[in-house]
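Let's take a walk through a protein together, going from one residue to the whole fold. Keep the sequence and the 3D view open as you read.

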Amino acid sequence: MKVTQHIENANGKPLFSFEILPPLKGQNIQSIFDSIDPLMEFNPPFIDVTYHREEYEFKELPSGLLQKKIVKKRPGTVGICAGIQNKYDVDAIPHILCGGFTKEDTENLLIDLDFLGIDNVVALRGDALKNEIYFRPEKEGNEYASELVTQIHNLNKGIYLDEDLQNSSCTNFCIGVAGYPEKHMEAPSVDSDIHFLKQKIKNGADYIITQMFFDNKRFFEFEKKCRAAGITVPIIPGLKPIATKKQLNLIPHRFKVDLPDDLIMAVVKAKDNEAVKQIGIEWCIAQSKELVAAGIPVLHYYSMGKAENIKAIAKEIF
């Protein structure tokens with residue numbers, strides 16, 4: 001079932017969803033199931049599965065020369081989605097990236113997903129490689145998420161890259177895209193970021209899921225600006241409970257989001273990471289309650305493969 005259908009069928013009742021990472025190469029899918037099992041009591045209608053593109057590493061040879069090697073540390077997104085749908089009978093939503101894919105690769109991936117009965121995808125540009133300052137698309141690939149949305153939407157209309165195909169079948173993907181309450185790190189302003197977000201909706205996106213945020217005022221301001229710009233699709237807030245002192249620096253650096261001063265000082269004063277985890281849970285519970293009271297249709301949690309704190313939050317909300 002499509003995400004938009006899940007929201008319609010809920011009749012105003014808030015839905016619980018979460019995102020997981022594929023395991024590191026060498027681990028099996030049981031580690032994924034172990035992180036999902038504790039959260040199934042809250043009846044998630046869908047679970048997002050991230051995609052991780054290849055990375056470059058340099059291995060020193062006996063000669064002293066460096067050999068460039070391509071590695072993919074977290075493969076298995078499509079297989080995990082199939083496993084989730086088979087085991088739990090809930091919708092699994094794979095992320096699809098511009099980076100690392102040609103348009104042909106993307107089309108073939110979408111065909112595989114369609115054959116598996118996967119009804120939803122999240123279309124993302126993706127990050128630059130670690131050795132790149134700016135994102136560089138693949139040759140013959142999509143450069144922007146808006147272009148990726150167009151390709152998926154075209155496939156929904158039976159338009160394939162091969163124009164000579166006859167009687168081609170249509171896919172039926174519900175397309176999610178990313179939104180940034182504190183703007184994308186490369187956007188010059190929030191308003192310009194929303195301008196390009198609106199373009200993704202015009203190109204065929206059906207809903208928005210946001211980057212994590214820790215101040216609900218940022219989300220409500222973002223939502224208001226989106227509505228004023230004519231964006232009417234569901235906007236799903238993404239939430240993450242802070243869990244360690246290290247994340248005070250890691251989260252702003254990695255995700256380019258601000259942390260409220262009250263949260264920062266509470267974490268700084270915490271005696272250890274166990275205390276930080278409880279602070280993060282309580283802060284996220286307060287965020288969640290306020291969002292539910294505002295009539296937000298879905299709360300989406302970035303679990304990072306850790307179920308314990310997400311379960312503690314969900315118990316208080318759902």
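Start at Asn 43, which is exposed, with a relative accessible area of 60%. Here, buried means under 20% relative accessible area, exposed means over 50%, and partly exposed lies in between, using a 1.4 Å probe and protein chains only. The areas themselves come from the Shrake-Rupley method with a 1.4 Å probe, and for residues only the protein chains shown count as cover.

Before going further, a word on what you are looking at. This is a predicted model, in which local features need pLDDT of at least 70, side-chain atom pairs count only at pLDDT 80 or more, and totals for chains, interfaces and linings use all residues. Residues are numbered from 1 along each chain as its sequence is written, and side-chain values use heavy atoms, with hydrogens and water left out.

Back to Asn 43. You will find this residue in the loop between H2 and strand S2 (46-49). Helices (H or I, at least four residues) and strands (E, at least two) are DSSP runs, numbered from the N terminus. The backbone of Asn 43 has a phi near 55°, a positive value in a residue other than glycine. Most residues other than glycine have a negative phi. Asn 11 also has a phi near 55°, positive although the residue is not glycine. Look for Asn 11 in the loop between helix H1 (3-10) and strand S1 (15-20); with a relative accessible area of 70%, Asn 11 is exposed.

Now step onto helix H2 (residues 30-36), where Gln 30 is found. Along the chain, Gln 30 and Ile 7 are 23 residues apart, and their C-alpha atoms are separated by 29 Å.

Strand S3 (residues 55-60) holds Glu 60, an exposed residue at 59% relative accessible area. Leaving aside neighbours within four places in sequence, Glu 60 is in contact with Leu 65 and Leu 66, where contact means heavy atoms within 4.5 Å. Between Glu 60 and Thr 244 there are 184 residues in sequence and 34 Å in space, C-alpha to C-alpha.

Helix H5 (residues 145-156) brings us to Ala 145. This alanine counts as buried, at 10% relative accessibility. Setting aside residues within four places in sequence, Ala 145 is in contact with Cys 98, Ala 123, Leu 124, Arg 125 and Lys 200. Ala 178 is 33 residues from Ala 145 in sequence and 9.0 Å away, C-alpha to C-alpha.

In helix H7 (residues 216-228) you can pick out Arg 218, which counts as partly exposed at 28% relative accessibility. Which residues does Arg 218 touch, not counting those up to four places away in sequence? They are Pro 181, Glu 182 and Asp 258. The C-alpha atoms of Arg 218 and Asp 258 are 9.8 Å apart, while 40 residues separate the two in sequence.

Let's turn to the inside. In soluble globular proteins, nonpolar side chains tend to be buried together. A nonpolar core is a set of buried Ala, Val, Leu, Ile, Met, Phe, Trp, Tyr and Cys residues joined through side-chain atoms within 4.5 Å. The largest such core here has 89 residues, and Ile 20, Ile 36, Ile 84 and Tyr 301 touch the most other members. Helix H10 (residues 273-293) gives the largest share of this core, six residues. Beyond its neighbours within four places in sequence, Tyr 301 has several contacts, including Phe 16, Phe 18, Leu 239, Cys 284, Ile 310 and Phe 318.

Finally, zoom out to the whole protein. It has 11 helices and 10 strands. Its radius of gyration is 20 Å, close to the 20 Å that the globule rule gives for 318 residues, so the protein is as compact as a globular protein of that length. This radius is taken over C-alpha atoms, and the globule rule is 2.2 Å times the number of residues to the power 0.38. Of the 318 residues, 49% count as buried. Among contacts with a separation of 6 or more, 74% come from residues 24 or more positions apart. The accessible surface comes to about 16300 Å², and 50% of it belongs to carbon and sulfur atoms.
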